[in-house]
Amino acid sequence: MADYGALITLDNGNPFITPQSTPFCLYRKVTVNSANVGGSYQGTSMDIPIDASYPAIVFCKTSNAATVGATRVGNMISVGSSSPRGDSHTLTAYVFAIFPQTLPAWGMAIWDENGKLVLTNESRVLSDLVTVGTPGNGGGINIDQTLSGSYAIVPALLGSSLFQVMVQGQPVIVNVTAYAGALFNGTTTRINAQGSQTGQGSAVGGTNTGMAITAINTAAYD
């Protein structure tokens, strides 16, 4: 229990307590339309400035089958997507962070002991995380689940597939890295592995991280 502050319960019954449990709130939502980035690839990329002191987490979805990714270096978060099959798509990325909130014209406002405004009635709090897949054989590249509604995922590396092709009569092994993808078609979201390139030849093996994917329903943030 906190020494002081506010005990707040979400609609799902989950409590959090300020200031010890200052929540992540929506920092920025961005959308980017894909373009040809070489060969048959369609891809997107965008840089999102953010104070280096703000803890942050990113969730992504696309309007067609594609890999999604997010990286952070200092005060910049970079998001992107890629479709090796050349599928045009839109990437939507949701950046959540712990950062000073804007004082609303009216309503509720909570400051921490340092005088930082941490929560208001207009804050869009990150909540209701969903786990897709199960660690082990039910995770990684074996994840293929369709959820009703719009969901975005934390980008993840799920494994790889190995293909053997013949080059000038000699066998060559090609590694295709598998990343998590979340395709929202307007009604449902398919969450599964997406390859970094199109696999050709004969499948001869692969790797599986066996990890589960973390997702959110985006209805509260759209």
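How many helices and how many strands make up the secondary structure of the protein? In this predicted model, the secondary structure comes to zero helices and 19 strands. The C-alpha trace spans about 70 × 35 × 35 Å along its principal axes, and 41% of the 222 residues count as buried. Among the contacts with a separation of 6 or more, 64% are made by residues 24 or more positions apart. The protein exposes about 11,300 Å², of which carbon and sulfur atoms supply 51%. Its side chains include 8 positive and 11 negative ones, and the centres of these two sets lie 10 Å apart.

Strand β9, which comprises residues 90-97, is mostly covered, with seven of its eight residues buried. Two other strands pair with β9. Strand β3 (residues 25-33) runs antiparallel to β9 and is joined to it by eight bridges, and within this pairing Val-32 has Leu-91 as its bridge partner. Strand β6 (residues 56-62) likewise pairs with β9 in the antiparallel sense, here over seven bridges, and the bridge partner of Lys-61 in β9 is Thr-92.

Thr-90 belongs to strand β9 and, with a relative accessible area of 25%, is partly exposed, because a residue counts as buried only under 20%. Although Thr-90 and Asn-33 are separated by 57 residues in sequence, their C-alpha atoms are 4.4 Å apart in space, and a polar contact of 2.7 Å links the two side chains. When residues up to four places away in sequence are left aside, Thr-90 touches Thr-31, Val-32 and Asn-33, together with Lys-61, Thr-62 and Ser-63.

The loop between β8 (76-83) and β9 contains His-89. This residue, His-89, has a relative accessible area of 4% and is therefore buried. A polar atom of the His-89 side chain lies 2.9 Å from the backbone oxygen of Asp-87.

A further antiparallel pairing is found between strand β10 (residues 109-111) and strand β11 (residues 117-120), which are joined by three bridges. In this pairing, Trp-111 has Leu-117 of β11 as its bridge partner. The two strands form a hairpin with five residues between them, and in this hairpin Gly-115 adopts a positive phi near 85 degrees.

Gln-194 is placed in strand β17, which covers residues 188-195. With a relative accessibility of 11%, Gln-194 counts as buried, and its side chain is joined to that of Asn-192 by a polar contact of 3.0 Å. Beyond residues up to four places away in sequence, Gln-194 touches Ala-65, Ala-66, Thr-67 and Arg-85, as well as Thr-177, Ala-178, Tyr-179 and Gly-181.

Conventions. Residues numbered from 1 in each chain as written. Predicted model: local features only at pLDDT ≥ 70, side-chain atom pairs only at ≥ 80, totals over all residues. Heavy atoms only, no water. Helix = DSSP H or I, 4+ residues; strand = E, 2+ residues; numbered from the N terminus. Buried < 20%, exposed > 50% of the residue type's maximum accessible area, 1.4 Å probe, protein only. Contact = heavy atoms within 4.5 Å. Areas by Shrake-Rupley, 256 points an atom, 1.4 Å probe, with all protein chains shown as cover. Lys, Arg positive; Asp, Glu negative; His and termini not counted. Charge placed at Lys NZ, Arg CZ, Asp CG, Glu CD. Pairing = 2+ DSSP bridges. Polar contact = N/O pair within 3.5 Å; in protein donor to acceptor, adjacent residues only side chain to side chain.
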